[in-house]
Amino acid sequence: MIGHSVVTVLMLVSLHWFIFLLNLPVATWNIYRFIMVPSGNMGVFDPTEIHNRGQLKSHMKEAMIKLGFHLLCFFMYLYSMILALIND
């Protein structure tokens, strides 16, 4: 969560608007999920609570969406790095 928030702020500082706007909703969602953890839970992904409440499918769906987002970002960052190296 901290790493994603730092990357989002760095994109804002370096004026990469498209990547900043792409990362902002996911960073906001991560911070929201962290803040809304009920007291007494170990964290956002407390395995005991997930299995007791039958929330495994919803957590798996969220994990797959985040995986797709991070794969998209990885290839965008890789493309940007290669383009920057070629232009220098």
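What is the mean pLDDT of the chain, and what share of its residues reach 70 or more? The mean is 86, and 97% of the residues reach 70 or more; pLDDT is the predictor's confidence in each residue, from 0 to 100. This is a predicted model, in which local features need pLDDT of at least 70, side-chain atom pairs count only at pLDDT 80 or more, and totals for chains, interfaces and linings use all residues. Residues are numbered from 1 along each chain as its sequence is written, and side-chain values use heavy atoms, with hydrogens and water left out.

Let's start with the fold. The chain has four helices and zero strands, in the order α-α-α-α along the sequence. Helices (H or I, at least four residues) and strands (E, at least two) are DSSP runs, numbered from the N terminus. Two helices mark the ends of the confidence range among the elements:

| Element | Residues | Mean pLDDT |
|---|---|---|
| Helix α3 (lowest) | residues 47-52 | 75 |
| Helix α4 (highest) | residues 56-87 | 91 |

Where pLDDT is low, the predicted coordinates should not be read in detail.

Now for the overall form. The C-alpha atoms fill a box of roughly 55 × 20 × 15 Å along the principal axes. The radius of gyration of the chain is 16 Å, whereas a compact globule of 88 residues would have one near 12 Å; this radius is taken over C-alpha atoms, and the globule rule is 2.2 Å times the number of residues to the power 0.38.

Of the 88 residues, 19% count as buried, meaning under 20% relative accessible area (1.4 Å probe, protein chains only).

Methods
Buried means under 20% relative accessible area, exposed over 50%, partly exposed in between (1.4 Å probe, protein chains only).
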